[in-house]
Amino acid sequence: MPPSVSPDLSHSTLPEGQLLYAVGDIHGRIDLLQRLLDLIERNAAASPGAERRTLVFLGDYVDRGPDSRRVVERLIRDLPPGFEKHFLKGNHEAILLDFLNDPWRLDHWLLNGGEETMHSYGVDTERLAWLSAPPDVWRQAFAEALPEAHLHFFRDLELSVSFGDYLFVHAGVRPGVPLAAQSEADLIWIRGPFLNHADPFGKIVVHGHTPGREPVTRPNRIGIDTGAVFTDRLTALRLQDGAREFLQT
């Protein structure tokens, strides 16, 4: 799908010479990620005047889709060259880490698509379920299957990053709280108070977490979670010189 030009909401800008792509929630869809990265690489190659190229991934790399391991491996090992890269923490990565710290969080992870993630790492989840294995056995199986580089990736995820007039987070921000004082819980989980807030936040907040078939543009926020695992649409927001575009699979 070719890039589509979005309305220019407020003439918000990045630093001069910066070209930035923010990528929405992937959820184990390596097929869509590969196609979107190809689009981004071609688009960037055709973009003059880009002295600084940046990729920001908004989180939720794992769960629900079939290829979480391959998604993480691609993000670690094989992104387009010449880009500064930022990986944000989503609520699904938080759930995964919670399970590693406390195996009794197993049911919560399974309810949120964790079985697909464990299966992608080679864990025999059907056997564990058939044996009625206790949570610590599930945790041991997953911990042994998880490459050290992937564990470091999950543990090192950022909560937010800002460039120019834009703040990038997974879920959103708490209205009335200074951007520098936002809690981790709100940055990766918030919905209603953030989504329903019409006043400025101080920066345009670019976020994922709340899926829809199309990106959402508001004067104070831009949502780019297009429900990849359900819709086959993975979206990137392209920002350069005050212009905004969406690239989609």
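Mentor: A residue is called buried when its relative accessible area is under 20%, exposed when that value is over 50%, and partly exposed in between, with a 1.4 Å probe and protein chains only as cover. The model is predicted, and local features need pLDDT of at least 70, side-chain atom pairs count only at pLDDT 80 or more, while totals for chains, interfaces and linings use all residues. Residues are numbered from 1 along each chain as its sequence is written, and side-chain values use heavy atoms, with hydrogens and water left out.

The part to examine is the loop between β3 (52–57) and α2 (68–77), where aspartate 63 lies. Helices (H or I, at least four residues) and strands (E, at least two) are DSSP runs numbered from the N terminus. Aspartate 63 counts as buried because its relative accessibility is 0%. Its phi is near 80°, a positive value in a residue other than glycine. Arginine 64 belongs to the loop between β3 and α2 as well, and its phi, near 75°, is also positive in a residue other than glycine. As background, most residues other than glycine have a negative phi. Arginine 64 is partly exposed, because its relative accessible area is 34%.
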